Amino acid sequence: MNNAMFDLKSYLFAKQQKINKTLDKILTQESNSKRIVSAMRHSLMASGKRLRPVLCIAAAEAAGGTEENVLYPACALEMIHTYSLIHDDLPAMDNDELRRGLPTCHVAFDEATAILAGDALLTLSFEILASNNKRHFKKEINESKRLDVIKSVAIASGFRGMIAGQMMDIESQGSKLDSNKLEILHFSKTGALIEASVYSGAVLGGGSRTQIEQLKSYGRNIGLAFQVADDILDVEGDPKVMGKAARKDADLDKSTYPSVIGIEKSREFAEKLVNNALKNIDSFGNRSDPLAAIARYIIERDK
Ligand code: GRG
């Protein structure tokens, strides 16, 4: 049974502060191009929720590790996420002008710079995941765990994960998918990186094989719930609160949970996924209070 009194707001605030400080430090590294760093900084340091790195840290803590063990790898996950947002906003994809409350990268800079900023964040993330020095991991993490995480994150963000989801999303515009196909699309596009964030924290935090499997299932459930909630927010959310455009899915004639199964059934489905996620982490006791609170937050959030 998880603790409903857990103070998620304070937990998120403390973790977001640490993550932001670390991301800022990473971006102070030398580059021969000031412009590329400015573009990376523009998108990365804008006000994101930092959900993926927070999940990585919370999973590590649930598995018996510490924030310090995973802070840099957690930041690498945020870089991959930010790269995907920069590229998703491009004119060739969703053509959005507002992201995280700021002009999108290609509007603030230009298309070529935005493409390169996304590429640079993606490659930097793998440099960080592959580095095993004191700066990136306070404690030595054995090489096989690091390789496992690198491979899992690469699969989740590549052509068997996020990129496949994005391609399916583009291909399916204008047609209605059935709920099975939609689940595959949504899990690939958004859920896979969320699952990989939890998995990475569990592995690097030193979880047992059983704990890693339980946390991975939790990640899978909340990953899909996140995208169902995102579909609902696109219908009901306030662009001023979200810091991005709403009603885009209908404009682009995309298949979403509300358009395929209706808004009430979408809410019920998201609720069911979160309940499954809570069951997955039941045996962790109060060490998984942050993860339980995040699971509920994912479907109750307004941005
Ligand atoms: C272009 C390679 C490539 C992939 C794009 C994830 C993705 C695939 C595109 C993002 C498009 C999108 C808006 C998807 C909906 C779900 C989602 C990822 C929302 C944004 O994530 P949040 O809410 O954003 O965690 P913040 O800004 O808080 O980090």
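## Ile150 and its surroundings

Beyond its neighbours within four places in sequence, Ile150 is in contact (heavy atoms within 4.5 Å) with Phe126, Leu129 and Ala130. Ile150 belongs to helix H7, residues 143-157; helices here are DSSP runs of H or I with at least four residues, numbered from the N terminus. Between the C-alpha atoms of Ile150 and Glu195, which are 45 residues apart along the chain, the separation is 14 Å.

## Basis of the model

This is a predicted model, in which local features need pLDDT of at least 70 and side-chain atom pairs count only at pLDDT 80 or more, while totals for chains, interfaces and linings use all residues. Residues are numbered from 1 along each chain as its sequence is written, and side-chain values use heavy atoms, with hydrogens and water left out.

## Ligand shell

The ligand is surrounded by 20 residues (a heavy atom within 4 Å), of which Lys49, Arg52, His81, Asp88 and Arg100 are the closest. By class, the shell holds five nonpolar, seven polar and eight charged residues; Ala, Val, Leu, Ile, Met, Phe, Trp, Tyr, Cys and Pro count as nonpolar, Asp, Glu, Lys and Arg as charged, and the others, Gly among them, as polar. Helices H4 (67-88), H8 (162-171), H9 (179-204) and H10 (209-236) each contribute at least two shell residues, and H4 provides the largest share, six residues.

Polar side-chain atoms of Arg52, His81 and Arg100 each lie 2.8 Å from an oxygen atom of the ligand. The protein covers 92% of the 690 Å² of accessible area that the ligand has on its own, by the Shrake-Rupley method with a 1.4 Å probe.

## Packing of H3 and H9

Helix H3 (residues 51-62) packs with H9 at about 35 degrees, the axes being 6 Å apart. Axes are lines fitted to C-alpha atoms over the stretch in contact, and angles run from 0 to 180 degrees between N-to-C directions. The contact involves Leu51, Arg52, Leu55, Cys56, Ala59 and Ala60 of H3, and residues of H9 including Leu193, Ile194 and Val198.

Note on methods
A polar contact is a pair of N or O atoms within 3.5 Å; within protein, one must be able to donate a hydrogen and the other to accept it, and residues adjacent in sequence count only if both atoms are side-chain atoms.
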